[in-house]
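What follows is a short report for a reader who is meeting this structure for the first time. Please look over the sequence and the model before reading on.

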Amino acid sequence: MDTSRLPQEKRQRCEVWTRVMGYHRPVSEFNPGKQSEHRERVHFVESVIPETPCACTRDK
């Protein structure tokens with residue numbers, strides 16, 4: 001039995017919030033045009049930059 005899924009009757013809607021002009025607001029309260037704009041946004045994933053020794057800390 002797959003225990004990683006909840007039965008449909010126990011699921012609840014997930015509220016998505018975003019920051020607009022410095023304020024956090026739920027996307028569900030956006031007008032239809034703003035909701036469409038939110039769906040079209042491109043999200044980025046910040047990659048980890050490998051640590052390299054700084055030139056100022058190298059042994060001379």
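Read from the N terminus on, the elements of the protein chain follow the order β-β-α, and in this predicted model the chain accordingly holds 1 helix and 2 strands. The protein chain has 60 residues, of which buried residues make up 8%, while its accessible surface comes to about 6,700 Å², with 52% of that area belonging to carbon and sulfur atoms.

| Residue | Element | Relative accessible area |
|---|---|---|
| T18 | strand 1 (residues 17-20) | 12% |
| H38 | helix 1 (residues 32-40) | 15% |

T18, which has its place in strand 1, counts as buried because its relative accessibility of 12% lies under the 20% limit used for that class. H38, found in helix 1, is likewise classed as buried because its relative accessible area is 15%, again under 20%.

Which residues does T18 touch, when those up to four places away in sequence are not counted? The contacts of T18 are Y23, H24, R25, V27, F30, H38 and R41, and the side chains of T18 and R41 are also joined by a polar contact of 3.2 Å.

The largest pocket has a volume of about 150 Å³, and its lining consists of R13, C14, E15, V16, V27 and S28. Sorted by class, that lining contains 3 nonpolar, 1 polar and 2 charged residues.

Terms used: Residues numbered from 1 in each chain as written. Predicted model: local features only at pLDDT ≥ 70, side-chain atom pairs only at ≥ 80, totals over all residues. Heavy atoms only, no water. 1 Å grid on protein atoms, 1.4 Å probe; cavity = no way out; pocket = protein on both sides within 12 Å on 5 of 7 lines; lining within 4 Å. Points joined across faces, edges and corners; volume = space filled by probe spheres on them. Nonpolar A, V, L, I, M, F, W, Y, C, P; charged D, E, K, R; others polar. Helix = DSSP H or I, 4+ residues; strand = E, 2+ residues; numbered from the N terminus. Buried < 20%, exposed > 50% of the residue type's maximum accessible area, 1.4 Å probe, protein only. Polar contact = N/O pair within 3.5 Å; in protein donor to acceptor, adjacent residues only side chain to side chain. Contact = heavy atoms within 4.5 Å. Areas by Shrake-Rupley, 256 points an atom, 1.4 Å probe, with all protein chains shown as cover.
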